[in-house]
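Here is a set of questions and answers on one chain. The structure comes first.

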Amino acid sequence: MLLAWLSALDPGEHASCRSRRANGPRESTNDSLHCEGRTILTAPEKLKVAKLWHNLSVPELMEHAVRRGEGVIGAGGQLIVDTRPHTGRSPKDKFFVKEPSSQEHIDWGDTNQPIEAAKFDALWDRVVAYLSEREAYALDCYVGADENYRVPIRVYTEFAWHNLFAHHLFITPERPDPEFTPEFTVVDVALFAADPERDGTRSSTFVLVNFAKRMILIGGTKYAGEIKKSVFTVMNYLLPLRETLSMHCSANEGKDGDVAIFFGLSGTGKTTLSSDSHRPLIGDDEHGWSADGVFNVEGGCYAKVIRLSAKAEPEIWAATHHFSTVIENVAYDETTRELDVDSEAKTENTRSAYPLEYIPNIVPGSKGGHPRTIIMLTADAFGVLPPISKLSREQAMYHFLSGYTAKVAGTERGVTEPQATFSTCFGAPFMVHRPTVYAKLLGKKIDDHEVECWLVNTGWTGGPYGVGKRMSIAHTRAMVNAAIEGRIAPEFTVEPFFGLRIPKSVPEVPPDVLDPRHAWADKAAYDAQAEKLAGLFFQNFKRFEPHASDAVKAIAIKPKSS
């Protein structure tokens, strides 16, 4: 558990806590959590609601949601909900309370914005008053599949379906523990609107993290992804304090216990490439890498389902059509309740949320050993990065800091040519410490466990988007499998623009596929495009230079003209 080592960070804040509800009914008129000595969470003890539904089962939560008009039952027994107007996260509405125990650790800026403790307390008092006249739902669950790094959390929600979402996405025991003590508390009041002038928020929507009180306060949005990602953000703060790397990645395991992790932003193929019938899944999105190995942070999956195909992604398709899966913002037939996964009528960001056990090919316990292979995925729409290249330790740290992929023309209004996207650590919105904190942890793990690292481009070849073609998924999968299985001969050519080592051969892949310059008919155009992308890498890395090691700075990409 996390409690023991957190005590060292903030002594005196913890005490043994007991619930007077240990053996009582799950329906309560009051949240009656009491503690001996000082309390672990003083603020939630102020929470008094008209009626509290505590640790309801999945069928009970579905019944409550339907009865309250929060959603409808789909043809497969799913719960279909609509979160509009918010159909995605509101990153500009996330704030961290500036307080002594955490302020020196947080990388303050546009992503991690500060808010005064007094503003948090005042807003919390208003939320307490709001909930005092309403029913609420509470769930006792965990994040972190490894018991040594697990965090017990209690999730209070205004909506029954938000509690169902948490039940699916976090690690929920079959039977509640009567001695359960939360180390973090989430309070989600979806229909409560903040007053920016009064509350110090940017808008009526708010996601506030308070490490001193170990609370997350969410309001003004029905989008359930805020619950998942705010908890992951907390883990991104806590785990590195214990020399454990928190990662926005997927992970799978081979028959010999060989673990591979896949970093990659949306559209790079992370989910597709980590889903392999021969390699059970540890998890698809959020992991920790401790002294003992890799573990899933979550207990479920939050899959994007726009244009989901039963043929291409049968496991996700089946889970999306499973009883109790939460379906967000997917169009459906009002009579038959069949889903229309091809429709963008509500949003392109359609989602399904379900527990891991709805996927057949998973690693029991969601834990594995230390990775042997790291795959960093990019979808390069400039068409100049190699389809696969071997990375040194320093290059892996550099590309981890960079987190590069590209937007393509037509995906967003105003995008007429490829645009580079850099999301540090492949998850910038959720990282709390300076990026170099995570990169140095990664470098140490690579050293300690002799991990092989590869950069894989799933984007374009033979020209940029609109001229070239997308990398063959068959070739990409063959390259990834060969890298994971150690079947790539250690013979490389170093390309001149990015310093990447390109294998001279890969089993089941034609040699002419491996050299990106060879794939371009116009070699001068390739050189100009590669020089352009190298310049973008160069500009992006400037923000990391003050905290990066000399070894990483020595291999940083620079345009030839610099």
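Helices (H or I, at least four residues) and strands (E, at least two) are DSSP runs, numbered from the N terminus. The model is predicted: local features need pLDDT of at least 70, side-chain atom pairs count only at pLDDT 80 or more, and totals for chains, interfaces and linings use all residues. Residues are numbered from 1 along each chain as its sequence is written, and side-chain values use heavy atoms, with hydrogens and water left out.

Q: In which loop is S366 found?
A: S366 has a positive phi of about 55° although it is not a glycine. At 11% relative accessibility S366 counts as buried (buried is under 20% relative accessible area, exposed over 50%, partly exposed in between, with a 1.4 Å probe and protein chains only). Its place is the loop between strand 23 (351-355) and strand 24 (367-368).

Q: Is E508 buried or exposed?
A: E508 also is not a glycine and has a positive phi, of about 70°. E508 is found in the loop between strand 33 (501-503) and helix 12 (511-514). With a relative accessible area of 65%, E508 is exposed.

Q: Which residues does a cis peptide bond join?
A: Most residues other than glycine have a negative phi, and most peptide bonds are trans. P85 lies in the loop between strand 6 (79-81) and strand 7. Omega is about 10° at the cis bond, which joins R84 and P85.

Q: What radius of gyration does the chain have?
A: The chain holds 14 helices and 33 strands, and its C-alpha atoms fill a box of roughly 70 × 55 × 50 Å along the principal axes. The radius of gyration is taken over C-alpha atoms, and the globule rule is 2.2 Å times the number of residues to the power 0.38. A compact globule of 562 residues would have a value near 24 Å, which agrees with that of the chain, 24 Å.

Q: What share of the contacts with a separation of 6 or more is between residues 24 or more positions apart?
A: Contact means heavy atoms within 4.5 Å. Buried residues make up 58% of the 562 residues. Of the contacts with a separation of 6 or more, the share from residues 24 or more positions apart is 72%.

Q: Which residues touch the most other members of the largest nonpolar core?
A: A nonpolar core is a set of buried Ala, Val, Leu, Ile, Met, Phe, Trp, Tyr and Cys residues joined through side-chain atoms within 4.5 Å. The largest core has 106 residues, and those touching the most other members are I261, I374, M376 and F498.

Q: Which residues are included in the second, separate core?
A: The second core is separate and has 24 residues. Among its members are V49, F95, F120 and A138.

Q: How far apart in space are V189 and N481?
A: V189 is in strand 11 (residues 184-189) and counts as buried at 0% relative accessibility. Beyond four places in sequence, V189 touches residues including V127, Y130, F206 and I218. V189 and N481 are 292 residues apart in sequence; C-alpha to C-alpha, the distance in space is 45 Å.

Q: Which residues is S102 in contact with, leaving aside neighbours within four places in sequence?
A: S102 lies in the loop between strand 7 (94-97) and strand 8 (113-115). S102 counts as buried, at 0% relative accessibility. Its contacts, with those neighbours left aside, are V97, F211 and Y237.
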